Amino acid sequence: MGTVFEPSMSTSRQTLGPAGPSMVDQLPSIEFGFDSLRERMARFTVKFDAFIEQGRKRVLEEHNQFRMNLAELQEDERMRKKDVEIFQIKANSLQQTMAKEKQEKLEMEAAITALAQQRRAIDAKRAAQQARAAQRAAQARFDVPELDFWVTNLCLSMEGAGSDDRLRFVYTHLDDQDWAREAWFELDTAQRDYAVRHCRPKLERDKVDRLLERVNETRELVVLLKGMRELFVEALKSSSSSS
């Protein structure tokens with residue numbers, strides 16, 4: 001049987017007895033200051049939150065101010081565009097008014113020129129009429145005896161033709177078969193040149209025009225009276241021979 005080692009009583013007592021101060025107890029005491037740190041962190045958090053809030057408010061105010069400034073700029077731009085449109089409308093209206101006034105001025109100048117030309121033409125016509133009237137008045141004093149002579153010798157008479165500037169000359173003794181047969185023509189004296197408007201019997205227009213050319217060149221009425229009598233005699237003879 002083996003031998004069992006048992007500690008002695010003295011050894012057990014020595015082991016269980018007080019061993020003196022431990023190493024942990026011998027370590028120095030360290031103050032970490034958690035409460036102070038917590039307090040400082042709390043104050044920092046408050047300041048940081050206040051800073052963030054202040055920054056947020058400042059950003060919001062700046063954003064609002066930017067939007068207000070942008071709205072004002074847009075309104076100013078709109079007003080400037082409206083002013084430009086109004087100015088353009090006024091400029092176009094002024095340009096149209098100036099063009100219209102220029103056109104009216106040209107038309108008025110043209111009308112004045114036309115009126116002046118008409119006035120000169122009227123004055124010239126009036127002067128010519130006065131000159132012809134004076135010439136006829138002066139010539140009438142000498143033509144009356146001569147006219148009476150030709151009226152008697154040409155067997156014609158004068159009568160009105162319904163107008164102050166027209167005379168009707170009536171011939172007789174043209175037809176050998178009928179001395180009472182009449183032939184007549186109407187003389188228009190309204191213009192400078194004499195004109196034959198109507199005649200019976202009808203004469204050839206070319207012959208009458210050639211006769212009028214000679215009369216208007218010489219201004220001698222007796223040439224017309226003699227020439228028209230000759231044309232009437234010729235026409236009556238031609239009609240008698242054809243019948």
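## Elements and model

Helices (H or I, at least four residues) and strands (E, at least two) are DSSP runs here, numbered from the N terminus. The model is predicted.

## Confidence

Mean pLDDT for the protein chain is 81. Of its residues, 79% reach 70 or more.

The pLDDT is below 50 over residues 8-16. Beyond near neighbours in sequence, that stretch has one contact in the model. Where pLDDT is low, the predicted coordinates should not be read in detail.

## Nonpolar core

The largest nonpolar core holds 22 residues. Seven of them touch the most other members: Tyr-171, Phe-185, Leu-203, Leu-224, Leu-225, Met-228 and Phe-232. At least two residues come from each of E2, E3, E4, H4 and H5. H5 gives the most, with six.

Tyr-171 shows how this part of the model is connected. Leaving aside residues up to four places away in sequence, Tyr-171 touches Phe-185, Leu-224, Leu-225, Met-228 and Phe-232, among others. Its contacts also include Leu-154, Cys-155 and Leu-156. In soluble globular proteins, nonpolar side chains tend to be buried together.

## Surface patch

Some nonpolar side chains lie outside. Phe-44, Phe-48, Phe-51 and Ile-52 form a nonpolar patch on the surface. Together they have about 430 Å² of accessible area.

Ile-52 belongs to helix H3, which spans residues 34-153. Its relative accessibility is 41%, so Ile-52 counts as partly exposed.

## Backbone features in loops

The peptide bond from Arg-200 to Pro-201 is cis, and its omega is near 0°. Pro-201 sits in the loop between strand E4 (195-200) and helix H4 (205-218).

Two residues other than glycine have a positive phi. For His-173, phi is near 60°. His-173 lies in the loop that joins strand E2 (166-171) to strand E3 (183-188). For Arg-219, phi is about 60°. The loop between H4 and helix H5 (221-242) holds Arg-219.

Is each of these two residues buried or partly exposed? His-173 counts as partly exposed because its relative accessibility is 37%. Arg-219 has a relative accessible area of 15%, so this residue is buried. The cut-off for buried is under 20%.

Terms used
Residues numbered from 1 in each chain as written. Predicted model: local features only at pLDDT ≥ 70, side-chain atom pairs only at ≥ 80, totals over all residues. Heavy atoms only, no water. Patch = residues over 30% accessible without salt bridge, like charges linked within 9 Å, V, L, I, M, F, W, Y side chains within 5 Å. Areas by Shrake-Rupley, 256 points an atom, 1.4 Å probe, with all protein chains shown as cover. Salt bridge = Lys/Arg side-chain N within 4 Å of Asp/Glu carboxyl O. Buried < 20%, exposed > 50% of the residue type's maximum accessible area, 1.4 Å probe, protein only. Core = buried A, V, L, I, M, F, W, Y, C linked by side-chain atoms within 4.5 Å. Contact = heavy atoms within 4.5 Å. pLDDT = per-residue confidence, 0-100.
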